Amino acid sequence: MASFQDIQQRERGLQQHLTSAQMVMIAIGGAVGTGLFMGSAFAIGFAGPAVLVSYAIGAFIALLLIGCLGEMTVAHPTSGSFGAYAEYYLGPMVGFVLRYAYWAALVLAVGMEVTAVGIYMAYWFPDVPQWVWVGVFSAVLVGVNLRSVKVYGTVEYAFSAIKVAAIVAFILIGSYVVFGAPAPGMGLENYQAGGGFWAKGVGGMWLGVIVAMFSYLGVEAIAVAAGEARQPERAVQKAMKTTVLRLVLFYLLTLALMLAIVPWTEAATQTSPFVRVMELTHIPYAAGVLNFVVLVAALSAMNSQLYTTSRMMFSLARAGQAPTRFGRTNASGVPVAAILVSSLGVAVAMFINAFWPKESFVWMMSIAMFGAMLAWFMVFVTHLAFRARRQREGLAPLAFRMWGFPWLTLLGAVLMGAVLVTTAFTPQFRLTLAFGLPWVLLLAAIYWLRHKK
């Protein structure tokens with residue numbers, strides 16, 4: 001391949017309607033969902049109050065990822081994103097495997113989010129089967145994605161704005177409860193309850209990083225959306241500089257206040273710890289309002305993930321690595337077939353939830369985690385090759401550059417690799433590598449056999 005312009009040329013057909021503000025909300029929509037409102041209880045159970053350190057480490061890795069991915073995206077804005085970069089800088093097989101692994105991960109993540117939607121709706125309508133709500137909301141969000149990227153961006157902006165407003169309100173209420181008018185049993189002394197800040201030790205804190213990484217997954221959607229952004233180079237820079245900061249503030253502030261209001265031994269439950277916090281504030285209708293917020297959070301994350309995974313399938317089809325129909329767009333520039341096939345996660349989620357309801361959330365999180373974590377790891381590896389190629393070709397530095405190269409890029413790769421290896425020694429996440437490694441080997445074999453033929 002002579003130049004990256006060949007890849008950008010083959011991925012034309014999508015319409016560029018997204019603003020930088022919508023791109024920020026798309027990233028927040030993907031990263032602030034079930035991972036925060038329900039997954040945080042799981043992380044607290046692993047780490048205790050030291051979960052704050054777990055999420056800080058996760059935020060640091062996300063910051064490094066945004067730096068590397070942002071530089072490559074400014075140089076090559078395209079919907080194929082890190083899959084296309086891996087194809088060009090590491091080889092076609094790597095691009096093929098990475099895109100399919102990531103696509104499968106998000107397909108399952110879509111199903112996980114819509115399963116949560118059924119659970120939330122049961123709060124108001126306990127007599128209605130949950131699969132009814134799964135079907136209804138899935139149809140609505142698939143319909144939104146089928147309209148146009150402009151409609152999708154508007155809906156996702158509204159969803160994410162509701163979440164952001166709710167989190168800000170939570171921070172304000174929590175701050176007042178902790179520092180303004182603390183009730184008995186509330187305050188920073190809760191950090192010492194149940195064994196203290198390091199109750200679960202450094203090992204427990206590191207296990208919390210696994211859940212934290214799952215929570216932050218989704219910020220990479222900015223790079224995928226660059227192919228449909230107005231003035232992509234400028235929009236990407238602006239969006240990436242603000243997204244990580246907002247996510248760090250949202251996650252760390254909400255968790256810090258939550259642990260000050262509720263002892264971590266009570267927050268580490270099977271339900272959302274946010275529910276328990278709002279119950280203690282005694283605000284009228286707080287539980288119903290919170291249920292609406294977590295419902296919107298799940299819908300928003302599902303909407304963002306459906307968009308991202310459909311664009312990855314579109315990129316695969318345009319590269320000749322998937323059926324041609326998935327690379328076609330309608331008059332509105334929407335890859336209809338790619339969106340429909342990317343909705344398969346809904347069926348998978350309904351099947352798993354029907355037969356293994358108690359284990360379904362952890363199982364789907366464990367399996368979906370591999371492809372997304374692999375994508376993050378490969379972003380760091382690809383960035384090393386990207387910089388080496390530009391240096392060999394004597395190209396001028398870009399306006400947006402990863403700081404601390406190559407050491408921080410290498411550090412990001414080491415940390416992501418360590419998180420992936422840790423899953424193999426954690427009973428709750430053994431499925432991550434047990435499913436992921438055979439899946440990668442199968443994809444590599446398919447690629448080799450296909451091209452040999």
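Reader: Which backbone oxygen lies 2.7 Å from a polar atom of the side chain of Thr-422?

Author: Happy to start there! In this predicted model, that oxygen belongs to Ala-418. Thr-422 itself is part of helix 19, which spans residues 407–423.

Reader: Is Thr-422 buried or exposed, and how do I tell?

Author: Look at the relative accessible area: under 20% means buried. Thr-422 has 14% relative accessibility, so this residue counts as buried.

Reader: What does Thr-422 touch, leaving aside residues up to four places away in sequence?

Author: With those set aside, Thr-422 touches Trp-206, Leu-207 and Ile-210.

Reader: Now for a whole helix. How many residues of helix 6 are buried?

Author: Helix 6 covers residues 81–90 and is mostly covered, with nine of its 10 residues buried. Among them are Phe-82, Tyr-85, Glu-87, Tyr-88 and Tyr-89. Ser-81, Gly-83, Ala-84 and Ala-86 complete the buried group.

Reader: Which residue follows helix 6, and what is its phi?

Author: Gly-91 comes after helix 6, and its phi is positive, near 130 degrees.

Reader: And the surface? Which residues make the nonpolar patch of about 470 Å²?

Author: A patch like this joins nonpolar side chains within 5 Å of each other, using residues with over 30% relative accessible area. Here the members are Tyr-123, Trp-124, Phe-125, Ile-162 and Phe-292.

Reader: Where is Tyr-123, and what is its relative accessible area?

Author: Find the loop between helix 7 (92–121) and helix 8 (130–147); Tyr-123 is there. Its relative accessible area is 46%, so Tyr-123 is partly exposed.

Key: Residues are numbered from 1 along each chain as its sequence is written. This is a predicted model: local features need pLDDT of at least 70, side-chain atom pairs count only at pLDDT 80 or more; totals for chains, interfaces and linings use all residues. Side-chain values use heavy atoms; hydrogens and water are left out. Patches are made of residues with over 30% relative accessible area and no salt bridge: like charges are joined within 9 Å, nonpolar side chains (Val, Leu, Ile, Met, Phe, Trp, Tyr) within 5 Å. Accessible areas come from the Shrake-Rupley method with a 1.4 Å probe; for residues, only the protein chains shown count as cover. A salt bridge is a side-chain nitrogen of Lys or Arg within 4 Å of a carboxyl oxygen of Asp or Glu. Helices (H or I, at least four residues) and strands (E, at least two) are DSSP runs, numbered from the N terminus. Buried means under 20% relative accessible area, exposed over 50%, partly exposed in between (1.4 Å probe, protein chains only). A polar contact is a pair of N or O atoms within 3.5 Å; within protein, one must be able to donate a hydrogen and the other to accept it, and residues adjacent in sequence count only if both atoms are side-chain atoms. Contact means heavy atoms within 4.5 Å.
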